[in-house]
Protein chains: 2
Amino acid sequence: MDIKQYMQGVGKRAREASRIMARTDTATKNQALLKIADLIIESQDKLLEANALDLAAAKTNDLDAALLDRLELTPERIKSMADGLRQVAELPDPIGEISAMEERPSGIKVGRMRVPLGVIGIIFESRPNVTADAAGLCLKSGNATILRGGSEAINSNQAIAACIKEGLLSCGLPGNAAQVIETTDRAAVGELLKMSEYVDVIIPRGGKGLIERVSKEARMPVIKHLDGICHVYIDDHADIDKAVKIAYNAKTQRYGTCNTMECLLVAENIAEPVLKKLAPLYEDAGVEIRGCDKSQKILPGITSASDEDYHTEYLAPIMSLRIVSGIEEAMNHIQEYGSNHTDAIVTEDQDNADRFIREVDSSSVMVNASTRFADGFEYGLGAEIGISTDKFHARGPVGLEGLTSQKYIVIGDGHIRE
Amino acid sequence: MDIKQYMQGVGKRAREASRIMARTDTATKNQALLKIADLIIESQDKLLEANALDLAAAKTNDLDAALLDRLELTPERIKSMADGLRQVAELPDPIGEISAMEERPSGIKVGRMRVPLGVIGIIFESRPNVTADAAGLCLKSGNATILRGGSEAINSNQAIAACIKEGLLSCGLPGNAAQVIETTDRAAVGELLKMSEYVDVIIPRGGKGLIERVSKEARMPVIKHLDGICHVYIDDHADIDKAVKIAYNAKTQRYGTCNTMECLLVAENIAEPVLKKLAPLYEDAGVEIRGCDKSQKILPGITSASDEDYHTEYLAPIMSLRIVSGIEEAMNHIQEYGSNHTDAIVTEDQDNADRFIREVDSSSVMVNASTRFADGFEYGLGAEIGISTDKFHARGPVGLEGLTSQKYIVIGDGHIRE
């Protein structure tokens, strides 16, 4: 197989399909989503068989337990894929939406119409459900998609792709509107990242190594976040009970997610009562605290935090802790060590809340809420294709709108420019 | 001078200044804009002196007349720079604007706040007024800017930069919020395009060579358009008078602008009466028509159009012409030869108008209006920093909003995720 030639073919077919998808009406797109959902349920046995091949290979290759878990399909996970597609069908269609047309002094009317981006490339690891989730969101937003899953999930992904293709074709849509790359050759990724004439944006979903490679090599825009070094800052004017609840939830509700708190900052004046309440809770949960000198005086048993700790996304029951003089030092710390993902302040002081919201340069900034809320579903986007910590185009959780653009439309009646 | 070290210093200072600009209130930003406008008027003699040096050097270097004209400052042009800054001061400030906060089922309130992009790099050629225009728009939108003008305008640009710096400082703002690169060494551009840690977006303004280089080398997003191969399509259902007026205006109102029509498409059924009226008008204006075989039968005197003609942005009194069977063929032609800039249909048929608007993939799509309207001022953006034909982030004329991003803000009252 000539990988370059194969990928060029994939790209060309995606571009052609994207033109048809861009003008497909909402009813047809929803019909296709529902049909794919039905086919996924009907194909449960086939999906489980394909998945069994992947699981067997993974075991032979000694993949670790966490990876095996992510790779596994179960009847519940298959149902949840189908449910996800049905939910996307229920979301409002952003395409074709026209902003208020405004009449200009010249007499022309000017507005903006929402349009698809075109072709979305998705590169992801292990979880086969991403195939259906991502293809569904791209389909609804009128885009074509090229999906490249992890080689360990190749059989599962192909089986899901077959359902998607059949669903598209049965509604008169191009089967190439969602293509899953059929080779596990890593060179295919390199080719995909070069094809800026066929791919309008790349969304990598996976570990830091993958995202770094994609950011470095891609010749087209990338929607991504690299790290989630999220902070909770407990201000001197915090309500201690709220502070304890939020700091505990932000760290312990789930350890492996990008919106989990990795570093707690506490104002000096309130540090003692807050930490005396929080530390036993963390201890019960088995969370290791790595703290600054001042915090070690209040909590003598904890480890010492290095500069590297403050730069670390643990994704584990470990957290760093620093006592700061107040909001100014807290914001400086976040600027220096943060990753522009999600940062929260706990305070009853409106001025400090306003300052934090305005000045902290993160994709989500929160007041008196757990960082764990930074999520497309929680924000009401209906679904999420990823989270962006960049400022260009989409920022924060990215739903259907992030997969679209707006063009200007101008309506005249023979108007010319004087 | 160590160019790399110098540019790193410029970048670092811009990043620091951008943090202060991001939290500067509207009144202070407007005060600075007005102060800079006053200083530009007061410094007229200094600006003309500096410009005289550039003009003298340009004449020695045998620059062509068009370039000399663009380079020249006059009292009127100086006044118009100052007026431009005063107009920007009057525009609404997009920064800090919060979209409707919506309460989610969890109880948190979620909204979006408009924030600056950070540091904007502008690379431009010859016209010194861009220094003031671009710095003004970046200042108003809370960004810091690094400006790199053409070497032929170095003295003029430095003189304008001095006014900007003094204006910023006199309002308590960082003088480094708008830095003009002080060296004409071309290596400085290469360094600028590499500094993705300090520069959030690059906007090249100039010829195709410049824009191609910037697109190729930039390690950060670029807001740009490469070509303006704009079409007017006269549909079979067009009003002939409107069609003639629009097609004439779109080509002849100005030849050198990116929204000038370069190719006219006419539906076969209406071609004869339309072209018989249009051709003499173009002839009087001295416009050369290069047409397809069918159009040569109606207008026997015209030149024959090659495939390359249809790919050409003439920026001159030359145009290509093709007779098409109808809207389908017109849209196919635009897709194949267009540059996604601005394309217009002239028609009285609502269905064809709707189809054209929806399906033509250009940054501006027009019905019964001249392509010459594709402009930030005409669209009511107040000003324009450039035009983007890309789909990512900003599309079409880019005003203040295109220099901003939106972050999510979340307000809770001790809310945690269950």
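What I am showing is a predicted model.

First, how the chains relate. A rotation of 180° puts chain A onto chain B, with 0.0 Å of shift along the axis and an RMSD of 0.0 Å. That is the relation of a two-fold axis. The same surface serves both copies, and 100% of the contact residues of chain A recur in chain B. If you want to find the axis on screen, go to A:His393. Among the residues of chain A, A:His393 comes closest to the rotation axis, with its C-alpha at 1.9 Å.

Next, the contact between the chains. Chain A puts in 54 residues and chain B puts in 54 residues. Which elements of chain A supply at least two residues each to the side that touches chain B? They are strand E2 (109-116), helix H10 (240-252), helix H15 (350-359), strand E13 (364-369) and strand E16 (404-415). E16(A) gives the most, with 11 residues. By residue type, the side of chain A that touches chain B divides into 20 nonpolar, 18 polar and 16 charged.

Now the sheet. Ten strands, or 10 if you are reading the slide, form an open sheet with mixed pairing. The order is E10(A)-E9(A)-E11(A)-E8(A)-E7(A)-E12(A)-E13(A)-E16(B)-E2(B)-E1(B). At the edges stand strand E10 (303-304) of chain A and E1 of chain B. Each has a single partner strand, so one side of each is left without a neighbour in the sheet.

Let me go through some of the pairings. Within chain A, strand E7 (residues 230-234) runs parallel to strand E12 (residues 342-346), joined by 4 bridges. There, A:Tyr233 stands opposite A:Ile345.

Where does E13(A) find a partner in chain B? In strand E16 (residues 404-415) of chain B, by parallel pairing over 5 bridges. A:Met366 has B:Val410 as its bridge partner in that strand.

Moving on into chain B, E16(B) also pairs with E2(B), in the antiparallel sense, over 8 bridges. B:Val115 is bridged to B:Ser405 there. E2(B), residues 109-116, in turn pairs antiparallel with strand E1 of chain B, residues 102-103, over 2 bridges. B:Glu102 stands opposite B:Val110. E1(B) and E2(B) make a hairpin with 5 residues between them. In its turn, B:Gly107 has a positive phi of about 105°.

Chain B has other parallel pairings to look at. Strand E9 (residues 288-291) of chain B is joined by 4 bridges to strand E11 (residues 318-324) of chain B, in parallel. E9(B) is also joined by 2 bridges to strand E10 (residues 303-304) of chain B, again in parallel. B:Arg290 takes part in both: B:Arg290 stands opposite B:Ser320 in E11(B), and opposite B:Thr303 in E10(B). From E9(B) the chain crosses through helix H12 (residues 293-298) to E10(B), and this β-α-β crossover is right-handed.

Last, the core. The largest nonpolar core has 254 residues, and A:Ala247 and B:Ala247 touch the most other members. What does B:Ala247 contact, leaving aside neighbours within four places in sequence? The contacts are B:Val232, B:Ile234, B:Met261, B:Leu264 and B:Leu278.

Methods: Residues are numbered from 1 along each chain as its sequence is written. Chains are lettered from A and ligands numbered from 1 in the order in which they are written. This is a predicted model: local features need pLDDT of at least 70, side-chain atom pairs count only at pLDDT 80 or more; totals for chains, interfaces and linings use all residues. Two residues are in contact if their C-beta atoms, placed from the backbone, lie within 7 Å. Ala, Val, Leu, Ile, Met, Phe, Trp, Tyr, Cys and Pro count as nonpolar, Asp, Glu, Lys and Arg as charged, and the others, Gly among them, as polar. Two strands pair if DSSP finds at least two bridges between them. A nonpolar core is a set of buried Ala, Val, Leu, Ile, Met, Phe, Trp, Tyr and Cys residues joined through C-beta atoms within 7 Å. A residue is buried if 20 or more other C-beta atoms lie within 10 Å of its own, exposed if 12 or fewer, and partly exposed in between; C-beta atoms are placed from the backbone. Copies are superposed by least squares on the C-alpha atoms of residues with pLDDT of at least 70 in both. A crossover is right-handed if, with the strands pointing away from the viewer, the path from the first strand over the helix to the second runs clockwise.
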